[in-house]
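User: I have a two-chain model open and would like to talk it through with you. Could we go step by step?

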Amino acid sequence: MIDPIVFFPGCMPASIARHQYRAEQKILKKLDIPYHECPEFSCCGGGHLQDADDIKFLALNARNLAYAEQHGDVLVTGCSTCYRNMAETAFRLQNERLRTAVNARLDAVGAPEYQGKIRIRHMLNFLASPEIFSLLEEQTSSPRPVNVLPFYGCHIKRPSSILPENPDGNMEKLLTLCGYLVRPMRDPYTCCGFHGEITAPSVSQALSAAVSEEAVEQQCPIIATVCPLCSFNIESHQMRNKTKRKMPEIIPFEELLLTSLK
Amino acid sequence: MIILRIYRRDGHYDVHQLDIKPETKLLTLFEQIRTGIDPTFAFSSGCRHGICGSCAVKVNGKPVLACKTEIGSFRSGVLRIEPLNSESPKIDLLSDFDGFYRSFSSFPDFLEPNGRPTKENFLPEATRCIQCGICYYSCPSVSYDKEFSGPAAALKQDRFLSDPADTITESRLEEAVGEVYRCVKCYRCTEYCPRSLDPEKAIENIRTRCLTRKEETIGTFHTKALFDSIYHYGKINETFTARYLFGFWGSLPLILSGLPFLFKRRVRLRPVKAANLKEIRRLLEMEND
């Protein structure tokens with residue numbers, strides 16, 4: 001029996017990327033991993049709250065972590081930006097002075113205290129960890145020999161000095177288990193441009209198009225993603241750039257994994 | 001045994017198979033190749049101590065200072081070595097740095113003091129920047145948007161903006177507001193900086209200052225839209241932010257472009273609100289010291 005986890009879905013999977021949210025929930029249920037999702041969870045700041053106010057960004061994330069601490073020791077999220085923001089908060093709040101200042105704010109609004117004990121994990125790293133991977137090995141069936149391009153994006157890896165885990169090879173490990181033919185991507189940690197979608201649209205467009213183009217070049221009908229923001233950005237740019245060529249489908253790795261589970 | 005594939009002037013790669021200790025520095029290896037194998041091999045170096053920033057190259061796509069990098073620090077036994085600005089190589093590992101140097105000329109990169117020394121002990125981190133160009137030539141925004149002055153310039157702008165002795169903050173901010181929102185927040189600059197500086201944080205600091213300007217730009221407006229969405233829902237609500245940014249009619253095409261996602265059963269129409277929303281609102285309303 002696996003220890004219960006706290007599941008942090010993130011805003012996007014809960015609102016406009018429900019397919020990823022449903023896949024994540026189903027995988028956890030199939031593997032019999034008890035999870036709790038706190039209704040109090042707020043947005044992590046979406047990568048932009050720190051642009052408005054750094055201390056409020058820390059406070060909002062510390063509040064989420066504090067609620068999570070009441071229900072478990074491990075928080076798992078399927079969104080790379082949430083993962084990065086929460087990991088940055090946890091890293092910076094190791095500083096006691098800063099943590100006291102943030103906790104004073106949480107106390108003033110009646111939120112629980114953040115103790116700094118919870119471990120933050122990305123869904124990809126969690127599912128690829130040895131104990132969960134052995135559960136998956138027992139349950140996967142029907143290999144699907146289809147070419148897949150594994151696209152990691154940036155926030156699951158960078159900045160590595162503050163992130164708790166290195167995701168190298170995890171997607172390859174999980175997708176190979178499901179029988180997919182995983183092609184090596186030139187730079188799997190390149191940016192999809194989501195965070196510049198409104199402010200730097202041409203860069204965002206070029207970056208996400210480059211990912212689609214590489215998949216076409218490598219004859220991959222599927223691009224597997226680990227972050228709902230990447231899937232959304234690449235897919236919406238594909239829809240806007242009307243082309244007669246058949247473009248690859250963008251599928252969260254959780255959905256690919258789910259189709260292979262018994 | 002290590003295999004090196006080194007970029008040469010006519011576009012081909014020289015392959016060397018060498019038996020070398022993993023703790024050997026990349027720069028030492030370059031020198032050994034030049035003295036022992038090929039005297040025409042060109043690369044630049046200076047201080048050998050990570051101070052001058054002249055020996056930056058790309059190894060398997062990752063930008064590093066050759067003098068500070070050990071051969072054994074890479075997982076792969078095959079190292080593909082290329083000039084830092086691989087879009088515009090000159091000779092072997094030397095490349096064109098004009099774009100990087102020009103990026104500093106878009107704003108006054110010196111202090112405009114008021115003549116009086118300040119009492120504050122101001123020693124900004126940014127002064128440790130060695131202008132090696134690593135952040136600039138690994139920035140995806142720079143590679144697709146040549147007008148973007150890039151991470152190192154932002155670091156320097158932030159250094160002057162936060163200096164209490166500077167007197168031209170307003171005009172600096174006016175320059176900066178057109179720059180910082182070109183960043184796509186991929187954190188490559190922070191990841192690769194050989195001096196462990198944080199240009200991404202500098203960009204965030206400047207963006208925070210931009211919010212104090214009266215004049216709105218799409219960047220400042222976007223930040224405010226997300227802030228207000230979190231205030232109202234505790235979450236980011238895509239319809240709310242689109243309407244906030246582009247108005248009711250202006251946002252319609254954007255919202256309608258989401259229809260295929262609706263048909264794919266990916267969209268929840270009723271907005272989700274976080275429980276205990278009052279706590280979130282009070283956190284966002286709090287005054288800073």
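Analyst: Happy to; below we go through the chains, their domains, the contact between them and a few local features of this predicted model.

User: Let's begin with chain A. What radius of gyration does chain A have, and why does it agree with a compact globule?

Analyst: Chain A is built from 12 helices and eight strands, and its C-alpha trace spans about 55 × 45 × 30 Å along the principal axes. For 262 residues, a compact globule would have a radius of gyration near 18 Å, so the value for chain A agrees with that expectation. The radius of gyration of chain A is 19 Å.

User: How far apart are the centres of domain 2 and domain 3 of chain B?

Analyst: Chain B divides into domain 1 (2-94), domain 2 (99-116 + 123-210) and domain 3 (218-285). Taking the centres of domain 2 of chain B and domain 3 of chain B over C-alpha atoms, the separation is 30 Å.

User: Back to chain A: how much area do domain 1 and domain 2 of chain A bury between them?

Analyst: The two parts are domain 1 (5-124) and domain 2 (142-260) of chain A, and their C-alpha centres lie 24 Å apart. Their contact draws 29 residues from domain 1 of chain A and 27 residues from domain 2 of chain A. Carbon and sulfur atoms carry 70% of the buried area, which is about 2400 Å².

User: Which salt bridge can I look at between those two domains, and what do the residues on the domain 1 side divide into?

Analyst: The count between domain 1 of chain A and domain 2 of chain A is two salt bridges, and you can look at the one where the side chains of A:Arg119 and A:Glu165 meet at 3.8 Å, N to O. On the domain 1 side, the elements that give two or more residues are helix H1 (11-15), helix H2 (18-30), helix H5 (80-92), strand S4 (119-122) and helix H7 (123-128) of chain A. The residues on that side divide into 13 nonpolar, nine polar and seven charged.

User: Now the chains together. How much area is buried between chain B and chain A?

Analyst: The contact takes 55 residues from chain B and 65 residues from chain A. Of the area buried there, 59% comes from carbon and sulfur atoms. The total is about 5100 Å².

User: Which element gives the most to the side of chain B that touches chain A?

Analyst: Between chain B and chain A there are 31 residue pairs in polar contact. Several helices of chain B give two or more residues to this side, among them H8 (199-210), H9 (218-233) and H10 (238-256). The residues on this side divide into 26 nonpolar, 10 polar and 19 charged. With seven residues, the element that gives the most is H9(B).

User: Which residue of chain A meets B:Lys201 in a salt bridge?

Analyst: Side chains of opposite charge can pair when their charged atoms come close. The count between chain B and chain A is eight salt bridges, and in one of them the N to O distance to B:Lys201 is 3.0 Å. The partner is A:Asp54.

User: Which other residue does A:Asp54 meet in a salt bridge?

Analyst: A:Asp54 belongs to helix H4 (residues 54-69) of chain A, and this pair links distant parts of the chain, 38 residues apart, with the partner in helix H5 of chain A. The side chains meet at 2.5 Å, N to O. The partner is A:Arg92.

User: Where is the cis peptide bond, and which residue has a positive phi although it is not a glycine?

Analyst: Most residues other than glycine have a negative phi, and most peptide bonds are trans. The bond from A:Arg158 to A:Pro159 is cis, with omega near -10°, and A:Pro159 lies in the loop between strand S5 (147-151) and helix H9 (170-177) of chain A. In the loop between H7 and H8 of chain B, the residue with a positive phi of about 55° is B:Ser196.

Key. Residues numbered from 1 in each chain as written. Chains lettered and ligands numbered in written order. Predicted model: local features only at pLDDT ≥ 70, side-chain atom pairs only at ≥ 80, totals over all residues. Heavy atoms only, no water. Domains from an automatic or database assignment. Contact = heavy atoms within 4.5 Å. Buried area = accessible area lost by both parts, 1.4 Å probe. Salt bridge = Lys/Arg side-chain N within 4 Å of Asp/Glu carboxyl O. Polar contact = N/O pair within 3.5 Å; in protein donor to acceptor, adjacent residues only side chain to side chain. Helix = DSSP H or I, 4+ residues; strand = E, 2+ residues; numbered from the N terminus. Nonpolar A, V, L, I, M, F, W, Y, C, P; charged D, E, K, R; others polar. Rg over C-alpha atoms; globule rule 2.2 N^0.38 Å.
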